[in-house]
Amino acid sequence: MQNTANIWSAPITRARLLEEALHSVNSGVLVVDEEGIIRYANTAACDGFGWRSLDGMPLADLVPLNKRDKHIGGFEGFVRSPAANGTVCVNGLHRSGKEIPVEVSVSYSRVDGNFVVTAAIDFREASTPETGFGGIDEQ
């Protein structure tokens with residue numbers, strides 16, 4: 001077993017600690033701005049959707065084509081009038097083009113005056129997609 005006392009002997013920034021923690025968790029984490037652009041994606045999110053990096057990519061690119069317009073409308077409505085945080089089961093779009101079931105827990109906040117959405121994504125076999133983000137039927 002590694003001696004963990006050594007990692008605390010040198011100064012470690014809170015940002016570095018948070019970055020390492022987010023990259024080590026099994027759930028995907030996305031941070032999206034009010035324009036729907038992914039500003040942060042951890043390793044599990046990138047791996048789960050099949051991309052090397054998701055940073056700078058539109059969130060809508062991770063939504064199946066036949067649901068994309070509804071997703072964009074729902075996201076824009078959410079930004080205008082944020083609803084309570086919640087969890088939904090929907091289908092995401094893997095880089096290969098295959099739809100994948102995901103369970104997404106969504107929350108929102110303001111960081112330095114900017115609206116941000118944080119999504120924690122479970123890529124395990126999610127249950128059947130139900131009512132999606134913004135009250136849109138994702139089936």
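Student: What should the 16 residues of H4 span, at 1.5 Å a residue?
Tutor: Some ground rules first. This is a predicted model, where local features need pLDDT of at least 70, side-chain atom pairs count only at pLDDT 80 or more, and totals for chains, interfaces and linings use all residues. Residues are numbered from 1 along each chain as its sequence is written, and side-chain values use heavy atoms, with hydrogens and water left out. Helices (H or I, at least four residues) and strands (E, at least two) are DSSP runs, numbered from the N terminus. The expected span of a helix is 1.5 Å times one less than its number of residues, so H4 should span 22 Å; its end C-alpha atoms are 23 Å apart, which agrees.

Student: Where is the kink in H4 centred?
Tutor: A bend at a residue is the angle between axes fitted to the seven residues ending there and the seven starting there. In H4, a kink of about 25° is centred on His71.

Student: Which residues of H4 are buried?
Tutor: Buried means under 20% relative accessible area, exposed over 50%, and partly exposed in between (1.4 Å probe, protein chains only). In H4 the buried ones are Lys67, Arg68, His71, Gly74, Phe75, Phe78 and Val79. They pack against S1, S3, S4 and S5.

Student: What is the order of the strands in the sheet?
Tutor: Strands of a sheet pair through backbone hydrogen bonds, either parallel or antiparallel. Two strands count as paired if DSSP finds at least two bridges between them. Here, 5 strands form an open sheet in the order S2-S1-S5-S4-S3, with antiparallel pairing. S2 and S3 are the edge strands, each pairing on one side only.

Student: How many bridges join S1 and S5?
Tutor: That antiparallel pair has 6 bridges, and Val29 stands opposite Ala120 in S5.

Student: Is Asp122 buried or exposed?
Tutor: Asp122 counts as buried because its relative accessibility is 17%. Asp122 is in strand S5 (residues 114-122). Contact means heavy atoms within 4.5 Å; leaving aside neighbours within four places in sequence, Asp122 is in contact with Pro101, Val102 and Glu103.
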